[in-house]
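Here is a short tour for anyone about to set up calculations on this model. Have the viewer open and follow along topic by topic.

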Amino acid sequence: MGNTGSTSPASLGKAHVPHLQWKVHDFSALLETGAKSAKSAHFHCSGYKWFLKVTPPMHNKPGAETPYVGLSLKLGRTTLKPGDTVNAVFELSVYNHAKKIYCGRKASHNFDLNNTCSKDECLIPLQKLLKSSAFLVDDSCVFGVKILKIKVCSPEKKAVMVLKKATTLQNLFIQKKGLIKGTYTWTMDNYHELDLKRYVCSPTFEVGGHKWHVGMYPHGCRHITGHISLFLYLESSDKLCYESGKVVELTLSILDQKNGKHSTITSGLSVFGGDSSWGWPKFLTVNRFKDPSRGYVLGSRCLVKADFTIVGSNDG
């Protein structure tokens, strides 16, 4: 993480009016999930979709002397074009209720299709947050992000202005009990035929009263090549709107049917709502996937497994 020298976030002044204000309710419950991160629903700024991500202290980089709560900014891949580099200058913050002001730090990052998330910034030591009645009130804390400047390096040489707009408000609620778990295994018995297609999807299945499906791009989605792209989708016909999305921790696996050495990736907490998805554009290289010694395709059979837990909701 960056900027580990300071033990307390500095005031950002009255000029810091965030584009996104994200209130995390039941912060202790978030820590208890053991999730490696939690990501907000998207917010809009200057024609791009952005997300704020919080990293719990147990997932700080090894060697860190003090456990910090970290924040980072993520740019949605679907709003990026090939060859574009988006340089953003922004402020990451936590709200001080006692002083009625946001505290945090300025950061910058060059976003492109291969680098959509800024590095984690050590915002505040965990113990300071937990012991402070200024930052943590009723087991809830408020994080924010303000985008100050955007410069796009693009073949189109387009100019981008960061306009003043009303703050987007979101609330993250984490359940302590009654978590809903779902498991689904997608069996493809004709994978060699499906491999010729750009995109294939599983049958629809239901978990937590909502309909889902797994989608695969056998040769990469959008501008990705040489990789299997794998995603979990909430059905577009589902009436769950993005403003009251479900918070999900997701694990996707392509099963090794020969050696049991499955290819598995687990996400942090992500918000599903509307026609949304979450997964990995570069889940596994095509060469590794088709290596006959690995057993990902046995005969013409391929098995993809989705394990996920609905741990709460995100309202905005």
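Is Cys 201 buried, partly exposed or exposed? At 41% relative accessibility, Cys 201 counts as partly exposed; buried means under 20% relative accessible area, exposed over 50%, and partly exposed in between, using a 1.4 Å probe and protein chains only. This is a predicted model, in which local features need pLDDT of at least 70 and side-chain atom pairs count only at pLDDT 80 or more, while totals for chains, interfaces and linings use all residues. Residues are numbered from 1 along each chain as its sequence is written, and side-chain values use heavy atoms, with hydrogens and water left out.

**Cysteines**

- The count of disulfides comes to zero, where a disulfide is a pair of cysteine sulfur atoms within 2.5 Å.
- For Cys 201, the closest cysteine sulfur belongs to Cys 302 and is 14 Å away, too far for a bond.
- Cys 141 is buried at 0% relative accessibility, and its sulfur is 13 Å from the closest cysteine sulfur, that of Cys 103, which is also too far for a bond.
- Cys 103 lies in strand E8; helices (H or I, at least four residues) and strands (E, at least two) are DSSP runs, numbered from the N terminus.
- Cys 103 counts as buried at 5% relative accessibility.
- From Cys 103 to Val 152 there are 49 residues in sequence and 28 Å in space, C-alpha to C-alpha.

**Backbone with positive phi**

- Most residues other than glycine have a negative phi.
- Ser 46 is not a glycine, yet its phi is positive, at about 55 degrees.
- You will find Ser 46 in the loop between strand E4 (43-45) and strand E5 (48-55), partly exposed with a relative accessible area of 26%.
- Lys 100 also has a positive phi of about 55 degrees without being a glycine.
- Lys 100 sits in the loop between strand E7 (85-96) and strand E8 (101-111), and its relative accessible area of 58% makes Lys 100 exposed.

**A buried charge**

- Glu 235 is in the loop between strand E16 (227-234) and strand E17 (244-254).
- Glu 235 is buried but has no salt bridge, which would be a side-chain nitrogen of Lys or Arg within 4 Å of a carboxyl oxygen of Asp or Glu.
- The nearest side chain of opposite charge to Glu 235 is Lys 211, 7.0 Å away; Lys and Arg count as positive and Asp and Glu as negative, with His and the chain ends not counted.
- The side chains of Glu 235 and Thr 204 make a polar contact at 3.5 Å. The term covers a pair of N or O atoms within 3.5 Å; within protein, one must be able to donate a hydrogen and the other to accept it, and residues adjacent in sequence count only if both atoms are side-chain atoms.

**Aromatic rings**

- The whole structure holds 14 aromatic pairs: rings of Phe, Tyr and Trp (its six-membered ring) with centres within 6.5 Å, called stacked if the planes are under 30 degrees apart, edge-to-face if over 60, and tilted for the rest.
- Tyr 191 and Phe 289 form an edge-to-face pair, because their ring centres are 5.3 Å apart and their planes are at 65 degrees.
- Tyr 191 lies in helix H3 (residues 191-194) and Phe 289 in helix H4 (residues 286-290), so this pair ties together parts 98 residues apart in sequence.
- Tyr 191 is buried at 1% relative accessibility, and Phe 289 is buried with a relative accessible area of 1%.
- Ring pairs link Tyr 184, Phe 205, Trp 212, Phe 272 and Phe 308 into a cluster.

**Charge over rings**

- Lys 39 lies over the face of Phe 51, 4.1 Å from the ring centre; the rule asks for NZ of Lys or CZ of Arg within 6 Å of the ring centre and within 35 degrees of the ring normal.
- Lys 39 also lies over the face of Trp 278, at 4.1 Å from the ring centre.
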